[in-house]
Amino acid sequence: MDYAALFAATPSPYLVLDPDLVIAEVNQAYLDATGRIREELLGKHIFEAFPDNPADPDADGVRNLSASLHRVLALRKPDTMALQKYDIPVMDEPGGFEERWWSPINTPVLTPDGKVQWIIHRVEDVTAFVQARVAGNQPPVQQLTKRDALEAELYARARELQRLNEELRLAHTRERQVALTLQEAMLQVPDLARHSDVAVRYLPATGSLNVCGDWYDMVNLSDSRFAVAVGDVVGHGLEAAAVMGMLRSALSAAIRALESPARALEVLGLYARSVDGALNTTAVKALVDPRSQLIIYSNAGHPPPVLMHPDGTCDLLDKATDPPLGARPQHVPRPQAGQAYEPGATLVLYTDGLIEQRGEDIEKGIARLVEVLRLHRTLGPDRLADTLLAHLGVAGGAHDDIALVIVRL
């Protein structure tokens, strides 16, 4: 372990003194608390670096600290001091001092034969706490008890936690902005603009950074045909989203070149073997041919799409289901099936976050989806998408990521 780095990084202010009370080392927190730089302190006697405030006739910081340090030297045991008023010089104001209150503790570092080799002088700046008590007409500071001193140190710790929490909030805000930008870039579907009868929804799990491993896609092919897809990468957050982006792009390219859902998923499965975090991804790809009114599809371990006919009856597209990407040790051709449809039918592709509930078979979730579709079959794709989210209990926040595509054929 690098103890020098540990000492330098610790958030509490520390000095290291030799037995002559000369400053041998100082950490960054101490420099920040006192407004000094290392060169101003190293090699100086502590009371040369921090004399009493000559303008304060009651100043006793040097006396009290000196007594504590000499007790440590004599007894070779830690010494916890009472709350101390110990003003410090203002470096850019010659002769000026700034009021400061401290909660100090001095601890010896012993040699193997029991002699004091170093003294660790740790302080917490509790000036704001003391000034707040004075402003609130609390008892005079000279009458503060050990309990008050403990409160002061706890207050200092709370201020440090508050600062760290604010830094975390700022970091989270920056990360969320990155995530939103990433989401927008990854889920762009230029070909979607040519389809007024298609609705898509993307709903990350509650508490996530608004980016996840679920995706949807739409690709226009030749002769008025088009392909739609949804997929689900294992995991959540930015890592899953990065894998999602690679797989989504690869599948989009494969379907454009091959124009076969099964072959496109075969290519995606081979590619997934070279991408960390991509194995066991599920995906379904469906190619819609309006001329022949036929849907050709292939499924890699994903919940089956639903085809709702104009009369409200529903078929599950589950005749070409295969394991997820990379689940087989050897490459095997994937199955492909076709399903006829009538104009006015509705094709629904989704990820498992829409239908799954903990402790329940997935078949029950699919049955709920089918029932909601049947009851609201007359709605257009956009209103139907919102209705599904509302009636399946995820409109106010999903427990899992959701991607949803609804196509009115």
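Reply: Helices (H or I, at least four residues) and strands (E, at least two) are DSSP runs, numbered from the N terminus. The model is predicted, so local features need pLDDT of at least 70 and side-chain atom pairs count only at pLDDT 80 or more, while totals for chains, interfaces and linings use all residues. Residues are numbered from 1 along each chain as its sequence is written, and side-chain values use heavy atoms, with hydrogens and water left out.

E371 forms a salt bridge (a side-chain nitrogen of Lys or Arg within 4 Å of a carboxyl oxygen of Asp or Glu) with R374, and their closest N and O atoms are 2.5 Å apart. Both partners are partly exposed, that is, between buried (under 20% relative accessible area) and exposed (over 50%), with a 1.4 Å probe and protein chains only: the value is 35% for E371 and 33% for R374.

By the rule given above, the count comes to 18 salt bridges. One of them joins the side chains of R38 and E25, with 2.7 Å from N to O. This pair links distant parts of the chain, for R38 belongs to helix α3 (residues 38-41) and E25 to strand β2 (residues 23-26), 13 residues apart. R38 is partly exposed, its relative accessible area being 32%, and E25 is likewise partly exposed, at 27%.

A further salt bridge brings together the side chains of D56 and K85, at 3.0 Å from N to O. Because D56 lies in the loop between α4 (46-49) and α5 (61-75) and K85 in strand β4 (residues 84-85), the pair ties together parts that are 29 residues apart in sequence. K85 has a relative accessible area of 26% and is therefore partly exposed. D56 and K85 also belong, with D87, to a network of salt bridges.
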